[in-house]
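Please take a moment with the sequence and the model before reading on, and keep both in view as you go.

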Amino acid sequence: MTSKLLILPGDGIGPEIVAEAMKVLNVFVQEGSFSMETEYAPIGGAGYDAEGQPYPESTRRLANASDAILLGAVGGPQYDKLDRPLRPERGLLALRADLGLYANLRPAMLYEELASASSLKPELVANLDIMIVRELTGDIYFGQPRGIETLASGERRGFNTMVYTESEIERIGRTAFDIAMKRNKKLCSVDKANVLEATELWREVMIRVGKDYPEVELSHMYVDNAAMQLVRAPKQFDVVVTGNIFGDILSDAAAMLTGSIGMLPSASLNESRVGMYEPIHGSAPDIAGKRIANPLATILSVAMMLRYSLNQAVLADRIEKAVKTVLTQGYRTGDIYTEGMNKVGTAAMGDAVVAALRA
Ligand code: IPM
Ligand code: MG
């Protein structure tokens, strides 16, 4: 079967890291273990530059006809002055909404070799392996009404709406419980049920869904406490499920526990398991074009793509193993470099993964 892939390099370091991820897929194509048809399209600032829109119609059509999408990153300072609907981030949000990518999986795994890159003591993070399941198409990100209005007094007032329906909560709840069943059967649901009604309902629905998963130990935590626990004793967590805005914040914190945000992939899935895969770091405009960005998060995003959308778990395992191998061999991009290691640029890191795959 030939997989139809859409490649969205995006902005900043996006094109550089995506090129390395494609080298990895091409290893499988060349050895005959994978077959793909690829299309490339612009998104974010690149979409605005090419077509005047962060999510151009041509990109939308290709996205809706793909089995999976690989995205680099979006955003850059040159776009910050654009009207809000034209900003790169809006392209990403439009893609998520358009394809119904409600389930965002953000693993935070610590590679033993990188334990010293974490800002926490090695013993607190050794063997860390958390999966954050973030709801991605609801909450205050999409809730109406929203806007900035001018009051009669002349003062302006900005407002957004936090909203979740029972079916939205139930859907992400089931996804999270299913994932917990395949891991250590521990799920922590994060909310702010002591203050926000939308998340009071969240907790109620999670408890109800949990009745269908008697083997999973469900716990609840307020988001402020969760933020504290993540940096105090992160290994208490296995799977965490939370809403869009809390997940945005907690997943960045969890990422940093692992030493570098440059290492972590993510998957965004819809109900038919079509997925969009991207590194969780941003477009890093400060190092764009310098050929020093870490491509491993994007390469690991390809592994997630093979696993979750393309049914190629064996190839996914091989990529993950190859990444471990290059770390053991001492290859490091600047973001994860420590004294005595072999400092390499973006392309050399990609080549090292390719060599490990071929070995
Ligand atoms: C993320 C990013 C996005 C978000 C931005 C770029 C819209 O921070 O994927 O976490 O807030 O969801
Ligand atoms: Mg974020």
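Predicted model: local features only at pLDDT ≥ 70, side-chain atom pairs only at ≥ 80, totals over all residues.

Residues are numbered from 1 along each chain as its sequence is written, chains are lettered from A and ligands numbered from 1 in the order in which they are written, and side-chain values use heavy atoms, with hydrogens and water left out.

The largest pocket holds about 810 Å³ of space, and 32 residues line it, those closest to its centre being Glu89, Leu93, Arg96, Tyr141 and Asp248. Here a pocket is an open set of points on a 1 Å grid over the protein atoms alone, where a 1.4 Å probe fits, with protein on both sides within 12 Å along at least five of seven lines, and a lining residue has an atom within 4 Å of a point. The volume is the space filled by probe spheres set on the points, which are joined across faces, edges and corners.

Helix 4 (88–99) is one of the elements that supply at least two residues of this lining, and helix 9 (244–257) is another; helix 4 gives the most, with five residues. Helices (H or I, at least four residues) and strands (E, at least two) are DSSP runs numbered from the N terminus. Domain 1 (1–102 + 271–359) and domain 2 (129–257) each contribute at least three residues to the lining of the largest pocket, their bounds coming from an automatic or database domain assignment.

The second largest pocket has a volume of about 540 Å³, and of the 22 residues that line it, Met131, Arg183, Met304, Arg307 and Tyr308 lie nearest its centre. Because domain 1 and domain 2 both give residues to its lining, the second largest pocket lies between them.

Six of the seven residues of strand 4 are buried (under 20% relative accessible area, with a 1.4 Å probe and protein chains only), so strand 4 is largely enclosed by the rest of the structure. Strand 4 pairs with strand 5 in the antiparallel sense over seven bridges, where pairing requires that DSSP finds at least two bridges, and Pro107 stands opposite Met131 in strand 5. Strand 4 also pairs with strand 11 in the antiparallel sense, over three bridges, and there Ala103 stands opposite Leu269.

How values were computed: Buried < 20%, exposed > 50% of the residue type's maximum accessible area, 1.4 Å probe, protein only.
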